[in-house]
Every structure is written in structure tokens, then in C-alpha cells.
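Please find below my note on the model under review. It is arranged as numbered points.

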Amino acid sequence: MSEIRVKRLVVGVVGTNCYLVYHEETKKAAVVDPGDRADLILEAAERYGLFPEAILLTHGHFDHIMAANELREKWHVPVYACKKELDILGDWEKNLVASYFDTPYTVTPDITVEEGDTFSAAGFTWQVFETPGHTIGSCCYYIEKEKVLFSGDTLFSGSYGRTDLPTGSGRMMIGSVTRLLKSLPEDVMVYPGHMDETTIGYEKQYNPLARFLK
């Protein structure tokens with residue numbers, strides 16, 4: 001029986017999925033995309049008796065990062081993000097904070113990752129896929145043993161992320177989504193940055209970008 005557990009919290013002004021990912025036995029945990037409401041995330045982690053070890057960012061937009069600094073300070077854990085996203089994470093106009101708030105907010109990751117990197121957190125081995133399109137440094141985190149993918153704003157249920165924001169690219173988005181659909185097993189569960197979870201098999205049938213599969 002799988003020992004991974006995934007709890008979803010919907011946070012922030014645009015309804016972002018923040019995930020508490022933890023090992024059922026040890027309660028070691030990682031938090032994916034803490035977009036807002038650090039208080040809510042802290043309360044949930046305490047309620048489930050979790051021991052956070054890492055904060056993982058799929059990309060640098062404000063709605064995925066705005067609780068990261070507070071949680072890092074509270075838990076004394078590293079923040080992971082793709083190396084190619086440093087510019088967006090460090091610029092409050094490019095990360096769209098300036099479009100919604102009056103106070104600058106940026107995040108400097110403790111650990112930067114790149115395509116093919118693996119690391120351990122919460123008792124699981126995470127693999128990094130660089131998936132540009134929504135932003136140049138968007139990435140997905142894959143736990144192969146558990147067949148789960150955290151896709152950020154790259155792959156949604158029956159959809160995909162916007163490509164009209166700074167460093168976005170429609171061509172790159174097609175490449176990133178089709179790569180995921182071609183390379184991952186159909187029974188992989190996908191946990192996206194917005195809306196409901198899906199599977200690779202479902203997206204191969206119903207995602208609008210699946211028509212580009214060769």
C-alpha cells in the first residue's frame with residue numbers, strides 16, 4: 001500500500017492549489033506552492049502532525065509563492081525552485097505581485113534545481129522536469145515510485161497554463177505538455193496548480209494539446 005498522502009489547500013485570490021505531501025508513517029512532509037495564507041498552511045500541518053522538510057515552488061508567480069518566506073522562517077526548511085526562474089522570483093513586477101498588491105514580495109530559493117535533478121524530501125525521491133511555457137523556469141516535480149506529478153501551471157485537467165505572461169511561450173508550452181503526456185505512464189496522478197487533479201491517461205485523451213502528440 002502506498003504511504004504517500006496528499007492534502008490540498010486552496011489559497012489566495014485566484015484559488016491556487018497548495019499541497020501538503022507527506023509520508024503516512026513518519027509524517028515527514030513537503031509543501032508544494034504555498035501561494036498564500038501561511039496561517040492556514042501552518043494550522044493544517046499541525047493538525048496532521050507533520051514535520052515539514054522542504055518547500056517546493058513550481059514557478060515564481062505571486063499566487064504560488066506568497067507564503068514561502070513566512071513558512072521557511074517558521075520551519076527552518078529550504079525553498080526549492082528552478083534555476084531558470086530566479087529572475088521572476090526576484091522581481092515583483094515579473095512575478096505579478098505588483099499587479100495585485102502595493103508591497104513588494106520576492107523569494108530567493110535556498111536550493112535551485114534543473115532538468116533531471118533528483119532530491120529527497122519527506123521520505124520520497126523527487127525528480128525535476130523543466131517545463132517552460134507558462135514561465136521560462138516553470139518545472140514539475142515527479143515522484144516516480146508513487147506515480148504522482150505536481151504540475152504547477154503547466155498541465156491542468158483538460159487544459160494548460162497561460163502563455164501570455166512575462167517569459168511565457170505557446171510553442172514551449174506545447175513541447176512541455178506533450179513531453180509529459182508521452183513520457184509518463186497513463187496512471188500517473190497529476191496534481192495541478194489550479195482546479196482538480198487528473199491523470200496522464202485522461203489528458204492524453206482530452207487535453208487540447210494532445211493533438212500535437214506524434
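Predicted model: local features only at pLDDT ≥ 70, side-chain atom pairs only at ≥ 80, totals over all residues.

1. Residues are numbered from 1 along each chain as its sequence is written, and side-chain values use heavy atoms, leaving out hydrogens and water.

2. The protein has five helices and 14 strands; these are DSSP runs numbered from the N terminus, helices being H or I of at least four residues and strands E of at least two. The C-alpha trace spans about 45 × 45 × 30 Å along its principal axes. For 214 residues a compact globule would have a radius of gyration near 17 Å, and the 16 Å of the protein agrees with this. That radius is taken over C-alpha atoms, and the globule rule is 2.2 Å times the number of residues to the power 0.38.

3. Of the 214 residues, 52% are buried, where buried means under 20% relative accessible area, exposed over 50%, and partly exposed in between (1.4 Å probe, protein chains only).

4. Six strands form an open sheet of mixed pairing, in the order 1-2-3-4-5-6; two strands pair if DSSP finds at least two bridges between them. Strand 1 (4–11) and strand 6 (111–113) each have a single partner strand, so one side of each is left without a neighbour in the sheet. Strand 1 pairs with strand 2 (residues 16–23) in the antiparallel sense over eight bridges, and Val10 stands opposite Asn17 in strand 2.

5. There are 14 aromatic pairs. Rings of Phe, Tyr and Trp (its six-membered ring) pair if their centres lie within 6.5 Å; planes under 30 degrees apart count as stacked, over 60 as edge-to-face and the rest as tilted. Tyr80 and Phe119 are stacked, at 4.4 Å centre to centre with 20° between the planes. This pair links distant parts of the chain, with Tyr80 in strand 5 and Phe119 in strand 7 (residues 118–121), 39 residues apart. Tyr80 is buried at 8% relative accessible area, and Phe119 is also buried, at 10%.

6. Tyr202 and Tyr206 form a tilted pair, because their ring centres are 4.6 Å apart and their planes stand at 40°. Being four residues apart in helix 5 (residues 200–206), they are separated by about one helical turn. Tyr202 is partly exposed, at 38% relative accessibility.
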